[in-house]
Structures are given as C-alpha cells and as structure tokens.
Amino acid sequence: MRIGVFVCHCGSNIAGTVDVAEIARRALTLKDVVHADHPMYTCAEPGQAAIQAAIKEKKLDRVVVAACSPHMHEVTFRRCVDTGGLNPYLFEMANIREHCSWIHTDMPVATEKAWEIIKMSVAKARQLEPLWSNEVEVNKDVLVIGGGVAGIQAALDLADAGLKVTIVEKQTTIGGVMAQLDKTFPTIDCSACILTPRMVDCSQHENITLMTYCEVDKVSGYVGNFTVDIRKKASMVDWTKCIGCEICVQKCPSKAPDSFNVGLEPTKAIYVPFPQAVPKRAAIQVDYCRYFQTGKCKVCERVCPAGAIDYEQQDEIVQKEFGAIVVATGLEVFPWEDYYGEYGSGKIKDVISGLQYERMLNASGPYGGHVHRLSNGEDPKTVVFIQCVGSRDESVNRPYCSGVCCMYTAKQALLTKDHCGMGTEVYVFYIDIRANGKGYEEFVKRVQTEFGVKYVRGRVSKLYEQDGKVMVRGTDTLLGEQVEIPADLVVLATGIMAADGAKELAQKLNISYDEFGFYKEGHPKLRPVETNTAGIFLAGVCQAPKDIPATVAQASGTASKVIGLLAKDKLKTSPMIAVVGQKDCVSCWKCIDVCPFSAPEKLEVRPGEFKSHMIETVCQGCGVCVATCPVNCISLKGFPTDAILDQIEEVLQT
Amino acid sequence: MAEVNNNQASGAATQSAAPGAAGAAGGAATTGAPADRPVKIIGIVCNWCSYAGADTAGVGRFKQPANLRLVRVPCTGRIDPLFALKAFEKGADGVLISGCHPGDCHYSEGNYYARRKFELAERMIHHLGIPKERFKWTWVSASEGQRWQKVVTEFVAGVEKLGPREGRAL
C-alpha cells in the first residue's frame, strides 16, 4: 500500500495554529505512507496538480488530504484523485481546520491534535476499497412547495425550460404574502400589478399544474425518484364546477376571520381570498360555517349557479412522482400580540402590524385604501412607526434581523404622506436603518428629506391610551431625551419568521433547519440554494428572511440548479452503501425490519432458500442495518467497521 | 514544498512521543488523577448533524478543549455500541456520541434506533464499572455550533474531574 498525505496550510487558516511542515515530516514515519507534502492551498490548482503528479510519480494508491471539513471539499478532492487516475473512493479527508485550527489557539496543542486526526485518517485510508457508482433513471418532473413569489418564479423558470412542474400551495390561491402587499419598495410599484400577471402565467402554462389548498403529507425516495403524497384538503366546493363568481360569498350569512386581510375585517365562512386569486375558487371554512356547525343553512348550495357546493367532500391523498423538489414555503408574520405586553398585546385598536397596514393602504383591501383610525374612523393626524418588533430582540427570542422592515416602514411612511396629506406628522422609531439594496439608501433619504418623515433613534418602551390618543413613550438616544408622542395610529414593523409547519415539513423532507425553523442551505456561500439532501432545493424566505428582489433571484438560481440536475437522463448514485455477505446471512430479516428505505429484500439464492439482498439503487447508506445485523454479515462501503475501529485504536495507541 | 526526508521525520516523531509535548494538550488540571496526562475522548458523530455542527462551531471559532477525537459515521444508527466498549477497552477516558435531534434524522429514523441502543449501552457501561460521566450520547444539529461547544466543554470537564482511567482493560 502506498499512501500520500497532503497537509494543507490553507493560507494561515491552518498553518497559523498548526505546524503543518512538522506534521508532514511526521506523516512519513507512518506505516504505508510514502509521500507527504504541505501545499499552501491544496484545493487550488497547483495543490490539486501536486496530488495528481504524486499519484503518478509515487504510484500512490491512497490519498489523505488534511485540510478543511469534508463537507467543504471532499467532492473536490474525490474529483481530483479521479482525474489523477485513482479511484475517487480511495481518498480520505482529515478535518484539521474546522475541528482543530479554528477552535484552538495554542500551537503545540493544535499541532498534536492535528497529528492524531491525520493518523486516524491514514488508519481509515488503509481500509478503503475502490468503489464504483451506479446509475439510476431520473424522473424529470419537479415539485414546488409553496406558491408565493419564490415558488411562482421557480416554477415559471422550470416550466419555460420544458420541465413539468407541480405547485403545491396550502391556501386556496397562489400569490403568498406578496399578494397581500400594497406597494413594493423602493420603486413604489404596485405589488399586485407585478405579481398577478405571473400568477396567471402559472395557471396558463402548459407545463405547470397548480395544486392549491393542498399540503405535502409524506415524502419518500431520493434524488431523481421522489414519491410524494399530496393531501388535497376538502374545500367543500367542487372546483371543477366552481366559476369563482362569488355569489355564495355575498349571500353567506356566517362571518369568519379573514387571514388575507390579517383580521382587519371578517370575511364569510365561504370565501375567495381576493379578487385576483388564482385559481379563483371558493372554499368553506368549516369551523365558521352555519351548516357545519348547526346542520341548517345551505344558502351557498341554493345560490350557486354552477351546483359546485359539496358538503360531503373529504380530504384526498394524491400520489405523484418527482425528480427534484423546490421548497419555497415562505414566512409568517411575528405574532407580536403574544409577546409585546408593553405595546398593548393587540388590545389597543389603533396599534396595528405592518401587514395590516398594507391591507389598509391597499385599494382592493377592506377599506378601499382609506387610511383611518380603527377606533373611530377618523383620518390620522399623527402616525408613528415602531421598528424591530419581533426582530433583533432577544427578549422575544428573535435575535435576527428580518431584513425587510426598515424598508417597508420607509415605504409605508411615504404612502402615509401620500394618502393622508403632506401635513400628516409621521415618526419612525428605529434602532439602525438597514437599507443595503439597490436604491434603498437613496429611498430612505428621500423619505426623510423630501417627505419630511421624522426618524427618531430609540426604542419605544410603552404604548398606552390617553384622551383618545395612543401615547408613544420612548427615548431619543441621539438627544438623550425622553419623548412622548400622542399618536392617532401606530404601525409596528413586525418581523418575519419561518412559515407555520416549517419544521414538520423539514422532517418529512429530511432537510436541516435552524432554531427558528429556517431551512439550512448546503453552504452559505457556495451552495446557497441546495440543501444537504440531494435533489431538494430552497427558494425565498424559508431559507432566511429576505426581500422580494433577493427572493426572486434565489428562486431563479434554484431553478437553474434543478435544470442542471435534471438535464441528465441518469444520475450517479453514491456507492457508499450496505452490502450483505450472503454466505453468513441467517435470514433473520432484522435488516428488513429496521431499514427506513426498504432496501433489503428476500432473495431466493437456491430453491426454497432465501437470503437478504440489498437493492443498490434504494439503499441510502445510513448503515442502520449494519449495526443491527446479529451476525455482522452486512458491511457499509466507505465506512467499514474495521476502519472505524482502527481510527479509535489509532488515537488510543499513544 | 518538496518531500521531506525520512531521517528528519523520524526525529520529529521521537520528539513528539516525549511526555512534554503531549502534556500541553487538554491543559486542565486533573486533581487526584492517577496519571498526569490529558484525558482522551473519542467522539462518534453522524455526518449530517453533529459532524456538521462541529464544523459550524469551527467556522464560528467557538473555542473548545482539545481532548476530543472525532470519528465520522453516516448516521448514529450505524454505531454499534461495541464501538464505545472498544474505545473504553483501548483506554479511552470518555466516549461521546452525538447525532441529529429526534425527528431530524437525515435517514428518517436512524437516530431512534441509536437512542434505544444507547439507553441500554449507557446502563451496561455503568454496570461494567465505568462511571456514567465518562459516556454521553446527545443530539446536536448542523446549525448548533454553540451547542456543540457547550456539549464538548461540559463533557470534557466532567471527564477531567474523574481524571484519566487507570489501566487499559475494561
């Protein structure tokens, strides 16, 4: 066996704390190691060339690179040794950066640890075998989960590239939060004017299937071959008949909360969220429907000209196959009422959230765009905006910046002047102004100077009612003064959080998420739209808070990644899978019991004699069966038991 | 960066075997410990959550004691409890096992099988005379760099309190 060891400097990232030259010297003392080097940047072109040259010149049959995490560059180096003429699975990586040089400061300590990590990797390398990938057929259909602007953009890009796309949306219409917005910053474009044509494009595109009022129930399979159970929720309206005329909505006698208008005014128990809904179909909110609650009513059934009402409708599960999945589940507005007692917990009528204000400003909203006080209907003379409500506030466990509130507040402040007249007093309480997009800073400046909106740096400590006003008590930290403003209307720049059910969906998809439910990308810089689960991609706020331009850009980026994946007719599967040594198999079928993927099957090896056999393309290589098999007859390629034990032994030898 | 010659290399190796060089590692005092050496801890972690969580800790420069050596496996479900026993047999002062939080397993349910095994393994290890502070299994997700730092720091501190194990066999 001829092993080559390459200890990377990574500039000063590793060499700053680990004596790489010393380790390279020591590596040559290890059994089977015939070559050791310490390149400045092993992943760069000269570093890779050095590995390839050494494979040829020193006839290396194993390569160990001690550098960063395998999550960073294992793929890079596998490709490198492959090109250099060595089987890519005869490569092993020692992580001496993330797991060593970056977490220690003392050079001798870090050097000793790095040395042991390398010894472990060399021990593992000795046990590696060459492996070869299999190929599987690829299903070219794509599932997009979420029909907001991210899902819409991704779906249109994918469909334009000729792929069949299914959008699953939990509401009855696509459009998402962007459909609720009045205008968009910094151009003051009408949100609906730019979004609704795209919604229509989706519904009319020959390659797009809309499945609204649906949710993902179950996901199985793997990249190229996912099987997804989609739950079609019972809307109590036969959508093949419904024509969206809204007569039922007009005649329905039962009121119900209107989530589209963020609870400003009630809607009806049978509802169409908004006039431009796509598809424009009615649904019954059963909990508020008089018929479902009392057994009497059926007004909608009587008035429906299409005979579409169906009180007997049940949820239905539809199973579909996809090659790739785009997750674009978007956001939820922070429920400030539950957290901010000092702002009245939602009991003060003239204190509303940013999204409620969007609906108030909107011409097709519940008030026809009339900005007024909810307490008495009067036009406001003084409007106060409070930023960072549910953002950058550790006391409510929201330490992150929601990224959009500074800008939407500036926009809303401008629109307030526009709707209520330039004489209206408008104040914005802020911590910092974050306006780092194209034209954003200029926009905020314009709002401050041209529109005369007064920005006060400081937090508001309390809101309370007095003499028909909402008293805003806070501090101007620049002047070092207490301020108190009697306001007519207070708008909270409520932050955003991951959508309801984001964690549950992540668990169905086997993708990672952070403590706030935002999905984790493959790498923050290099793989920003991929997840660590092959074939599953991200778009929009489900990954992290971001504004519309960034969401759309990410959605298009995601689409291009999916197109790249599905451009191939066959996909290479990982050869690091379990293999049954049938000679020793005692046919106990425990492997079949524990496998999450149903990879092992009973194979008739001789008439009447069955042994376990692993279906190569189904096995995902978790190794649960390996640790379960009572006779140790299953081995996991790439992670053989001997390699694991040798690594443990190597550390403990000295 | 040419290949270095063998003489130099072996010289360095001899040096490193000297007690002083390794003595710095770990650093912390081992009060009442039978031997004055840093404790050695084997960590076995799953690729998708805890290994990546340790990466996240590294990227965030969350400092940790240097006593831990990690073995990467695809899933905690891959871990045979015998790996931990083997480590103790070979002289490990502590064994740390970490995977994805329940519900978050990359392979859906591998960590549930692991949980069942380690619940039992923990008791058995204790029964064999190894104090429970020397064996820990837990969950750290890929985004929990700070949690990883805390888990490692606390576990190492607990093992250091007991000091290195005397003798090698179980």
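Start in chain A by selecting strands S11, S12 and S17, which form an open antiparallel sheet in that order; strands here are DSSP runs of E with at least two residues, helices are runs of H or I with at least four, both numbered from the N terminus, and two strands pair if DSSP finds at least two bridges between them. Strand S11 (214-222) and strand S17 (316-322) of chain A stand at the edges with a single partner strand each, so one side of each is left without a neighbour in the sheet. From one strand to the next the twist averages 20 degrees, where axes are lines fitted to C-alpha atoms and angles run from 0 to 180 degrees between N-to-C directions.

The model is predicted, with local features needing pLDDT of at least 70 and side-chain atom pairs counting only at pLDDT 80 or more, whereas totals for chains, interfaces and linings use all residues. Residues are numbered from 1 along each chain as its sequence is written, chains are lettered from A and ligands numbered from 1 in the order in which they are written, and side-chain values use heavy atoms, with hydrogens and water left out.

Over all chains there are two disulfides, a disulfide being a pair of cysteine sulfur atoms within 2.5 Å. Select A:Cys190 and A:Cys193, whose sulfurs are joined at 2.4 Å; the torsion about their S-S bond is about 80 degrees, so this disulfide is right-handed. A:Cys190 is partly exposed at a relative accessible area of 24%, on a scale where buried means under 20%, exposed over 50% and partly exposed in between (1.4 Å probe, protein chains only).

B:Cys49 lies in the loop between strand S1 (41-46) and helix H3 (50-59) of chain B, and B:Cys100 in the loop between strand S3 (94-99) and helix H5 (110-127) of chain B, so the pair ties together parts that are 51 residues apart in sequence. B:Cys49 is buried at 4% relative accessibility, and B:Cys100 is buried at 3%.

Finally, return to chain A and select A:Cys304, a buried residue at 18% relative accessible area, whose sulfur is 6.2 Å from the closest cysteine sulfur, in A:Cys245, too far for a bond.
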